[in-house]
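This briefing sets out selected features of the structure shown below. The points are grouped by topic for reference alongside the coordinates.

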Amino acid sequence: MSAIPAPAAVPMRHAAVGAGERAQRIRVTGIVQGVGFRPAVWRLAQRHGLRGTVGNDGQGVAIHVCGPADALARFVADLRCQAPPLARVDRIDCDDGAWLAPDAGFAIVASSADGAARTGIAPDAASCAACIAETVDPAARRHGYAFTNCTHCGPRLSIAERIPYDRAHTTMRAFTMCAACHAEYDNPADRRFHAQPIACPDCGPCIWLETGDAHRDVALPQDAIAAARLLLQRGAIVAIKGLGGFQLACDAGNADAVARLRARKRRASKPLALMARDLAMVRSFTRVDADEATCLQGPAAPIVLLPRTAGAAQLADSIAPGMRTLGIMLPNTPLHHLLLRGMAHPIVLTSGNVSDAPQLTDNDAARTALAAIADAFLLHDRPVARRVDDSVVRVMAGAPRVLRRARGLAPAGIALHPDFATATPVLALGGDLKNSVCLLRAGQAVVSHHIGELRDPRTLADFRRAIDDYRQLFDHDAQCIAIDVHPQSLAGAGARALPAGTGGASAPAVVEVQHHHAHIAACMAENGLPPDTPDVLGIALDGMGYGDDGTIWGGEFLRAGYRGFTRLARLQPVALPGGDAAMREPWRNTYAQLVAAMGWPAFADRYADLALYAGLRTKPLRVIDAMLASHTNCPPASSAARLFDAVAAACGICFDHIGHEGQAAMELEACADAATLEHESDDRAYPFAIDTGDGSHLPCLDPAPLWPALLDDLHHGVPASVVSARFHKGLAIAIVRMVRQLRAVHDGDALHAVALSGGVFQNRILLEQLVRRLEQAGLAVLTHRQVPSNDGGLSLGQAAVAAARMLATRATPPADPTTATARTETSPCA
């Protein structure tokens, strides 16, 4: 099929709409730029015999089309059902009218930047099968080329600098297309038509290998990749510039190489991700079901957590110590496909940084920062517009669940309930851990890529850049900024340091949202609940969040809508001896739980034969007792995560300290006995008490009764695997009991849906036990799929709360605070 010349070079003759014809202006919004949508429209117009034009603009794709009415109707229907693989059509608006159409043919016209940028940039997409086949074909001109891509795959977010998504607005603008690439780019019938990152060895980015002093030891691309592969096979650590930043790689079957990587990177115990050559290799050491295979092979190509099998013995034991799962991904770029060819084992592929620092993206910065870690550098000269880590997914309760939203998933918009469409634009700044930011406008929420832990000054600087980056990328002028209610929130402080211009002529209103309310609101939003939805019963289980009473919350039962909530019940608060130290040293939580449940003398009298007793005797218990007695640095907390830590330490798991966040709870889950979970009677599960409250305090779910049962099991030699299973089952049973009681007291017919959120629900056992038992009780259960249940989803919840309050303020006057029955964190925005 012949190419369509540039519109400016071909003046088009126009004609009025003919008899029996119909003309429409069509607006398509969603992820419709950079995914081959315009050529798909062109092909549909050819098929249906229509004339007109299609082009990109700031709001999406604009189509002017004319032809027979029946053909036009079929064309509009096909826009959605025959969209390209990476496209997501959120809305199609059609406007009939009389206008001058081309007298023949259908043309793709130049992009326009008119209007606010309301379209989505597609996430980076893993290499498609056609591009990989071309890359490994010796007869193809892109044979061995590490940057092969087309409109169905390749970089998007990691190279985009602004909208509209055209080559001139990406980091590919420095690479001038050769004649052969230009011919493909200009041909609507070619799968590379207007593929903005299009390149080949003659005109595109180059790759090379360095082993020291920034000297290009191997400059020929295929030789550089082959040399890097050989270094990996010989036990070297290689820094690789990937799609969204640097990665550190070594042979996963080489225990010495993995140990050196851990030592140099200062990552003692946190599981390391793997990349395998293909699905067959993945299946050689893990069990993969259909949903997991779909995730691995899909365009997002995330890290997927998979249960290991006996075949994992071929891998270094230190890859994921204490875990029964491995985090695995398939190659997502031609570079990775070429590198893995010929490898007998998967490779470790972890972020290119020193532990807890942001992933590096710049060649010079990586040479400096990674010099003490990497033995060689596989580099290229295509700039990375923004750091994008790997996404992480786990299939739980019958569905893939996002644990980290980044490459391949962000910044795809999340469609909210249509009633959010008229909400004022909101910018939400998320939490201080696992930070993300969220832009809400016109019924869409754009949750950013994973930014990370704001305690690190470099990540905090990255967070501030991301705010400005996303505002410009999406032309977003926030009229309201949503932040966490914590007065010392680092993310919240960002609201006062936003660049001039945010909010237009007047400063944007700032809305504070309580941490656990934001968790529940995020779950509600991604499940499509409207702004005025009836209240749900929200269960938020996590490590900690600042409560509206100034205490630490983390095990909450909330009656919640978007606009407010009431705290109905909680996990029994227990002291955190040493404050932050209790988050790093699980034994402190075990001791505090034992003191609260039975007291140290009773424990010592009955269980002095346990290893737990001997271990606690080595700790400074007199100091802890004095702190508890004087309430010095021992804040009470209703934290579910610290309860998991306490049980783990009692079982001998991470007793003294943890090496990374959540380690004790993760290993406690990993050791749970499957037969006990599935077949043992619920009567053997550890009991919790429900304190119904007496008006002076909230109802509480009290773990005190579980401790004698757990300790008796340990005394009788019951293995930690059975103890773990009984704890998980007991907690799920107790939560369902509390739900039944709360519904009986608080208008249960209205509270027909239960929303589960918070980082503890990354625990597969607890999530699956609870979903099954709640559904058996006849309740609708809302869970996370698109955004993490951990703090990575907070920004979505904050944005939804702020937007709903803004909408309510427009509709009705502010409520009299003296008559409010539900807790309102701040006055609604004006």
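Strands β12 and β14 run parallel and are joined by two bridges. In this pairing, Leu274 has Ile328 of β14 as its bridge partner. The model is a predicted one, and the points below begin with the sheet that contains these two strands.

**The eleven-stranded sheet**

- The sheet is open, its pairing is mixed, and its strand order is β9-β8-β16-β10-β11-β15-β12-β14-β13-β17-β18.
- Its edges are formed by β9 (216–218) and β18 (399–404), each of which pairs on one side only.
- Helix α5 (residues 221–233) packs on the sheet and touches β8 (207–210), β9, β10 (238–241), β11 (246–251), β15 and β16 (376–380); the direction of α5 makes about 40° with that of β8.
- Helix α8 (residues 290–297) also packs on the sheet, in contact with β13 (303–307), β14 (325–329), β17 (392–396) and β18; its direction and that of β13 make an angle of about 150°.

**Strand β14 and the pairings around it**

- Strands β13 and β14 run antiparallel and are joined by four bridges, with Gly327 of β14 as the bridge partner of Leu305.
- Strand β12 (residues 274–275) also pairs with β15 (residues 347–351), in the antiparallel sense and over two bridges; here the partner of Leu274 in β15 is Val348.
- Five of the five residues of β14 are buried, so the strand is largely enclosed by the rest of the structure.
- The burial covers both faces of β14: Thr325, Gly327 and Met329 lie on one side, and Leu326 and Ile328 on the other.

**Nonpolar core**

- The largest nonpolar core has 132 residues, of which Leu429, Leu616, Leu701, Leu710, Phe727 and Leu756 touch the most other members.
- Helix α23 (residues 720–745) supplies the largest share of this core, eleven residues.
- Leaving aside residues up to four places away in sequence, Leu701 touches Phe557, Arg570, Leu571, Gln572, Phe688, Ala689, Ile690, Leu731, Ala734, Ile735 and Met738.

**Helix α4**

- The buried residues of helix α4 (residues 179–186) are Cys181, Glu184 and Tyr185.
- Viewed down the axis of α4, these buried residues fall within an arc of 100°, so they line one face of the helix.

**Backbone geometry**

- Most residues other than glycine have a negative phi, and most peptide bonds are trans.
- Ala301, in the loop between α8 and β13, has a positive phi of about 45° although it is not a glycine; Ala301 is buried, with a relative accessible area of 1%.
- Cys654, in the loop between α19 (640–650) and α20 (663–671), likewise has a positive phi, near 50°; at 13% relative accessibility, Cys654 counts as buried.
- The peptide bond joining Ala410 and Pro411 is cis, with omega about 5°; Pro411 lies in the loop between β18 and β19 (414–415).

**Overall dimensions and composition**

- The secondary structure of the protein comprises 25 helices and 33 strands.
- The radius of gyration is 28 Å, close to the 28 Å given by the globule rule for 830 residues, so the protein is as compact as a globular protein of that length.
- The C-alpha trace spans about 95 × 70 × 50 Å along its principal axes.
- Of the 830 residues, 59% count as buried.
- Among contacts between residues at least 6 apart in sequence, 74% join residues at least 24 apart.

Conventions. Residues numbered from 1 in each chain as written. Predicted model: local features only at pLDDT ≥ 70, side-chain atom pairs only at ≥ 80, totals over all residues. Heavy atoms only, no water. Pairing = 2+ DSSP bridges. Contact = heavy atoms within 4.5 Å. Axes fitted to C-alpha atoms, helices over the stretch in contact; angles between N-to-C directions. Core = buried A, V, L, I, M, F, W, Y, C linked by side-chain atoms within 4.5 Å. Buried < 20%, exposed > 50% of the residue type's maximum accessible area, 1.4 Å probe, protein only. Arc of directions from axis to C-beta. Rg over C-alpha atoms; globule rule 2.2 N^0.38 Å.
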